[in-house]
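Here is a short report on one protein model.

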Amino acid sequence: MFSATCVAPVNMALVKYWGKRNEELILPINDSVSMTLDANEMCAKTTISASESFKQNRMWLNGDVVPFEENARLMRCLEGVHRLALANGAHKFPLSWKVHIASYNNFPTAAGLASSAAGYACLVYTLARLYDLPLNEELTTIARQGSGSACRSLYGGFVHWQRGSASDGSDSIAVQLAPAEHWPNMHMLILVVNDARKKTGSTKGMQLGVKTSSLIQHRAKELVPQRVKDLMAAIDARDFDTFAEITMKESNQLHAICLDTYPPCVYMNDVSHAIANFVHDYNETMGALQAAYTFDAGPNACLYVLAENVPRLLAAIQLAFPNDSSQSVEYLKGIPVPPVEVKNGLRDAATGHVNAKNMLKYIIHTKIGAGPQQLSEE
Ligand code: DP6
């Protein structure tokens with residue numbers, strides 16, 4: 001029996017992937033750029049074993065059995081890695097051996113944070129380690145077929161997923177723009193928002209967008225290419241101002257496209273909008289762009305902020321949007337908080353208290369991080 005265990009990180013898009021030109025191969029209509037998050041805070045951890053005695057491929061996710069052979073995306077990843085192994089010629093055991101896969105996410109599913117990117121990146125990376133394959137562009141084309149955004153989690157730092165133009169997807173690859181060490185003080189606060197409503201998942205939402213939004217193609221063809229260029233230059237120069245502006249405009253454009261979808265996909269809720277307003281007010285109060293929000297297909301806010309600005313921002317957030325624990329009180333001691341008020345009526349008019357349904361569930365403090373790592377090999 002042979003085994004490998006690896007961890008892979010989550011990534012958060014700055015320029016968003018939204019819309020496919022080929023559903024099966026998961027080919028996007030536009031380029032996207034992301035930042036990989038520190039795997040110590042949030043990661044997928046996967047162990048894969050291959051043995052002559054296994055009767056069938058099997059998988060467990062967070063301890064629960066997942067139907068494997070019926071899952072087209074999982075099978076495409078396995079077959080893709082098999083194809084590479086065959087072409088590579090060097091594998092230590094027959095490809096006919098079945099695999100057992102056990103995967104865990106170390107972050108609470110209640111956080112509603114996309115786990116598919118880390119999950120599929122970890123699956124493909126661990127398979128590659130098991131079959132002794134290198135991490136390269138071709139491997140990213142396989143992770144992409146598990147979940148589009150997963151191809152970006154194969155690298156650390158800042159990553160560019162190029163849409164490509166080939167119909168077989170061979171040039172739709174992820175490449176690293178800069179490693180985490182390039183901008184090591186780039187941190188992130190994830191504000192986990194209470195949310196009861198059912199949401200349309202990304203896959204479905206973007207499918208509907210491509211079918212019904214009249215803005216989506218204009219965005220993909222005319223707007224994204226320049227944004228990617230500008231963002232790459234901002235990352236290169238560690239220019240937080242430009243980085244922040246592009247990031248917030250991108251998030252707003254994604255959600256504008258979602259509203260232009262018919263029927264509309266509404267991912268942000270009242271608290272999400274209040275957080276976006278808060279960030280603009282905060283930046284204005286500080287006299288500089290010190291925080292940038294981005295929202296994916298859900299209500300949680302991800303705030304990019306430089307390490308040196310975290311304590312002040314965190315203190316201001318905890319005043320404006322208390323969470324249900326009292327940890328914030330201790331944290332606030334001695335930190336000067338700028339007077340940023342939540343303006344949109346999330347507080348009860350009579351008591352001035354924040355309505356319980358508008359409280360944050362919790363806040364995750366994380367930062368830029370490295371790509372997948374192998375933990376063990378047997
Ligand atoms: C809003 O990668 O989850 O997070 O390819 O259908 O699996 P599929 O979609 P997925 O979509 C991610 C959408 C997004 C933006 C992004 O990560 O770029």
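This is a predicted model: local features need pLDDT of at least 70, side-chain atom pairs count only at pLDDT 80 or more; totals for chains, interfaces and linings use all residues.

How do the residues of the shell around the ligand divide into nonpolar, polar and charged? They split into five nonpolar, seven polar and two charged. In this count Ala, Val, Leu, Ile, Met, Phe, Trp, Tyr, Cys and Pro are nonpolar, Asp, Glu, Lys and Arg are charged, and the others, Gly among them, are polar. The ligand is surrounded by 14 residues, the closest being A13, Y17, S147, G148 and S149.

Residues are numbered from 1 along each chain as its sequence is written.

**Overall**

The protein has nine helices and 16 strands. These are DSSP runs numbered from the N terminus: helices are H or I with at least four residues, strands are E with at least two. Of its 378 residues, 45% count as buried. Buried means 20 or more other C-beta atoms within 10 Å of the residue's own, exposed means 12 or fewer, and partly exposed lies in between; the C-beta atoms are placed from the backbone. Among contacts with a separation of 6 or more, 73% join residues 24 or more positions apart. A contact needs C-beta atoms, placed from the backbone, within 7 Å.

**The sheet with β2**

Four strands form an open antiparallel sheet in the order β2-β5-β10-β11. Strands pair if DSSP finds at least two bridges between them. β2 (11-15) and β11 (174-178) are the edges, each with a single partner strand, so one side of each has no neighbour in the sheet. Neighbouring strands are turned by 35 degrees against each other on average, direction ignored. Axes are lines fitted to C-alpha atoms, for helices over the stretch in contact, and angles run from 0 to 180 degrees between N-to-C directions. Helix α5 (residues 216-236) lies across β2, β5, β10 (158-161) and β11, at about 115 degrees to β2.

**The sheet with β14**

A second open antiparallel sheet has the order β13-β14-β12-β15. Its edges are β13 and β15 (360-367), each with a single partner strand, so one side of each is left without a neighbour.

In β14 (residues 301-306), five of the six residues are buried. Y304 of β14 is the bridge partner of M188, and A292 also stands opposite Y304. A hairpin of six residues joins β13 to β14.

Antiparallel pairs from both sheets:

| Pair | Bridges |
|---|---|
| β2 and β5 (residues 32-36) | four bridges |
| β12 (residues 186-193) and β14 | six bridges |
| β13 (residues 292-294) and β14 | three bridges |

**Helix α8**

Which residues of α8 (residues 310-320) are buried? They are L313, L314, A316, I317 and A320. Seen down the axis of α8, they fall within an arc of 165 degrees, so they line one face of the helix. The arc is that of the directions from the helix axis to the C-beta atoms.

How values were computed. Two residues are in contact if their C-beta atoms, placed from the backbone, lie within 7 Å. A residue is near a molecule or strand if its C-beta atom, placed from the backbone, lies within 6 Å of it.
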